[in-house]
Amino acid sequence: MVFLIFKYNDNQDYVSGVHQISNSIDKTKIDIDNLTCKTSIDSYEECYKYATELVPYKYVGVGIETIMLLRLKLKAVNQPLLNSSLYWNEEDRFKPFNNLMSSRNECQILYCGAHEAGTDGLEFIKQYENCHVWFLEPVAQFYDKLIHSRRILRQLETVKHHMYNIGLSNKNELIDITAKDIRKSQALTLVGKHENKDDIGNNLKYKLILRDVAEILFEFHILLKLSNSIIIGELNLLHINCEGCEYDVIERLIKKNLTKYIRIIQFGSHRPLSIRSSVNRRYCCLQQMLSMTHHLEFGIPWAWERWLRNDLVEKK
């Protein structure tokens, strides 16, 4: 069993007083089916320390917010410009993929969190003409703009690509959100929404459909289970930018032993408010369990990371 060990530069310059690092590392056990996150090993502690150092304030949700805050602090004390690549690597998600396709040249990309423009999916279509892209977006207001985009419509006319008004999760459920939820942020997190039904009251509600990722892989015929329970097929790329659902989705795939059927997993990690108190622990446990089937090619906590399946690493 291989566990990920993060490497980082101990000499990174931080603004005095900005980083409030807790000396207490959360070692609460996380069990995913028969797998237990080993919180006592060095790699977990290194991950936890690193992930915590990159978050200067409790209300920071992603790396780009860290950059904005630190730039303000640096400007206030007349310090040199910030090396933003330490905190945010948005462009890395478009780096060429190693071993995206097998020798059969078949390719399926599942894109969760297409939002209003489907930017990432369109870029994948441009770069990889043999790939079929599944655009998923659960918020009706975002989906409506997406489905009426001329660029998207041109791609749908090819009959190679697909679009669904759903999100991914660890189970099938309907989520209530309000117009206020949508207005207050372009990037809407659904994490914790099912726990706040009583808070919605008489506000105008919208129903969002979340689907079990383990079922979707078979419903979309990306994977096929034979009569003898043998699974065939392969997802070339799981690309997730869903403001916090990445934990439920990837943990579900690990529990169902389905990560081994995915060549590349690429996701943006987030710190939704509803799970912020435990998200560092959950993030580092996810890293540890992913490393059993995949190898980290690049990544920054609270930004973007890419994992290549272990059997494909030597073929790079």
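What you see is a predicted model.

I will start with the rings. Searching the whole structure gives 9 aromatic pairs. In one of them, the ring centres of Trp-134 and Tyr-164 are 6.2 Å apart with the planes at 20°, so this pair is stacked. It joins distant parts of the chain, with Trp-134 in strand S4 (residues 131-136) and Tyr-164 in strand S5 (residues 162-164), 30 residues apart. Trp-134 is buried, at a relative accessible area of 7%, whereas Tyr-164 is partly exposed, at 34%.

Next, Tyr-283 and Trp-302. This aromatic pair is tilted, with 5.0 Å from centre to centre and 45° between the planes. Tyr-283 belongs to helix H10 (residues 279-290), and Trp-302 to the loop between strand S13 (294-299) and strand S14 (304-309); the two residues are 19 apart and link distant parts of the chain. How accessible is Tyr-283? Its relative accessibility is 0%, so Tyr-283 counts as buried. Trp-302 is buried as well, at 1%. Trp-302 also has a charge over its ring: the charged end of Arg-271 sits 5.5 Å from the ring centre.

There is another charge of this kind at Phe-218, where Lys-225 lies over the face, 5.7 Å from the ring centre. As for clusters, Phe-94, Phe-97, Phe-124 and Tyr-128 form one aromatic cluster.

Last, the surface. Leu-224, Leu-226, Ile-230 and Ile-232 make a nonpolar patch of about 320 Å². Of these, Ile-232 lies in strand S10 (residues 231-233) and is partly exposed, with a relative accessible area of 39%.

How values were computed. Residues are numbered from 1 along each chain as its sequence is written. This is a predicted model: local features need pLDDT of at least 70, side-chain atom pairs count only at pLDDT 80 or more; totals for chains, interfaces and linings use all residues. Side-chain values use heavy atoms; hydrogens and water are left out. Patches are made of residues with over 30% relative accessible area and no salt bridge: like charges are joined within 9 Å, nonpolar side chains (Val, Leu, Ile, Met, Phe, Trp, Tyr) within 5 Å. Accessible areas come from the Shrake-Rupley method with a 1.4 Å probe; for residues, only the protein chains shown count as cover. A salt bridge is a side-chain nitrogen of Lys or Arg within 4 Å of a carboxyl oxygen of Asp or Glu. Helices (H or I, at least four residues) and strands (E, at least two) are DSSP runs, numbered from the N terminus. Buried means under 20% relative accessible area, exposed over 50%, partly exposed in between (1.4 Å probe, protein chains only). Rings of Phe, Tyr and Trp (its six-membered ring) pair if their centres lie within 6.5 Å; planes under 30 degrees apart count as stacked, over 60 as edge-to-face and the rest as tilted. A charge sits over a ring if NZ of Lys or CZ of Arg is within 6 Å of the ring centre and within 35 degrees of the ring normal.
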